[in-house]
Amino acid sequence: MATKEENSDTGVIQGRVEDVQELRRSHPTVIPARYVRDGNERPSPAPSPILPSMDVPVIDLSRLGSCSSKTPEMAKLAAACEGWGFFQVINHGVEHELLEEMEKLAREFFMLPLEEKEKYPMPPGGIQGYGHAFVFSEEQKLDWCNMFALGLAPAFVRKPELWPTNPPSFSETLEKYSYSIRRLCETLLGFIAESLGLRPSFFNEMFGEAVQAVRMNYYPPCSRPDLVLGLTPHSDGSALTVLQQDTASVGLQILKDGAWIPVHPIATALVVNVGDTLEVLTNGRYKSVEHRAVTNRESDRLSLVTFYSPSYEIELGPVPEMVNDKPCMYRRYNHGEYSRHYITNKLEGKKRLEFARIQTSL
């Protein structure tokens, strides 16, 4: 591999980026300097016990299916979006067998020889393919993670040359999986709209031809999990993000009240979080939340993340109903413009949302 890699389209030079699985295989106890975090960024080696009251809310979708905005489960959904920005959803309608099969195939893909995975490369500064995303300089700290990302919808975001033929049923299963997750996102947006006092179809109609992408993250074991991060703290630029995580270890953490709270996997549940776009649309009532991934000394971890966003063509800004009784916090902007801003800047907390925030002078 060359010392430096440059994308001629973006001018991004990211330096030498090792494949983390290969690094772990060849030097199991070595942590290169680019992965070692500064002291204030390192995960706590001994997290304090989490009180039951600090568990991420669990929403039963079957209790929302025939209810109005005044029922307890709808109130619970509103409280989760407003107070947490995260929740786990059960009885979500996505077949358990499909979840298991997609997870199995994703793991099989990551276990392929490096030369096979490198047939689907993610270019420096790119966001689709196999490799490292959001790396823009040689000085930037790297995540202890390999990624494989694909655009799903609309058709023009797809890069067919990056869809793998090995495992043989990967692409066919991903089509079924992405369709089911898309239906779930549409359903959730309907209930979220109701929880805000809007008509159920409000967001789905506004979004037009919604944009959907998937990213699969593989976190190998790490001999010094206290020094590295699996994924840098950030909020998502999407409207909704749906995450499927395996149950082998706890890796996802969210920032709440100044503390990092682990999201303990629940079998068959999916994790849902509010993205920056929904924060803007609700004028800050429902907030996107910083989250990160930590690693484990003994266990690997796999997650499958779906990002669901409005059409690139639409203009976004706070919904008028969300501005009646409080100042407008965000300006109007083109969603495609914000998406370009998001993918061309490194992960850095919620800093990228400053793009849309109305700056007030003191």
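1. Helix H3, which covers residues 96–110, has 15 residues and reaches 22 Å from its first C-alpha to its last, close to the 21 Å expected at 1.5 Å a residue; the expected span is 1.5 Å times one less than the number of residues. Helices here are DSSP runs of H or I with at least four residues, strands are runs of E with at least two, and both are numbered from the N terminus. The buried residues of H3 are Leu98, Leu99, Met102, Leu105, Ala106, Phe109 and Phe110, where buried means under 20% relative accessible area, exposed over 50%, and partly exposed in between (1.4 Å probe, protein chains only). Seen down the axis of H3, these buried residues fall within an arc of 140°, so they line one face of the helix; the arc is that of the directions from the helix axis to the C-beta atoms.

2. On provenance, this is a predicted model, in which local features need pLDDT of at least 70 and side-chain atom pairs count only at pLDDT 80 or more, while totals for chains, interfaces and linings use all residues. Residues are numbered from 1 along each chain as its sequence is written, and side-chain values use heavy atoms, with hydrogens and water left out.

3. In the protein as a whole there are eight helices and 16 strands, and buried residues make up 56% of the 362 residues. Among contacts (heavy atoms within 4.5 Å) between residues at least 6 apart in sequence, 76% join residues at least 24 apart.

4. Strand S6, residues 146–153, is mostly covered, with eight of its eight residues buried. Strand S5 (residues 129–131) runs antiparallel to S6 and is joined to S6 by three bridges, with Ala149 of S6 as the bridge partner of Gly129. Strand S7 (residues 211–219) also pairs with S6 in the antiparallel sense, over seven bridges, and here Ala153 stands opposite Gln212 of S7; two strands are taken to pair if DSSP finds at least two bridges between them.

5. Asp276 lies in helix H7, residues 276–281, and is buried, with a relative accessible area of 1%. Leaving aside its neighbours within four places in sequence, Asp276 is in contact with Ser235, Asp236, Gly237, Ser238, Ser288, Tyr338, Tyr342 and Leu353.

6. As for cysteines, the structure holds zero disulfides, a disulfide being a pair of cysteine sulfur atoms within 2.5 Å. Cys81 counts as buried at 0% relative accessibility, whereas Cys328 is partly exposed, with a relative accessible area of 36%.
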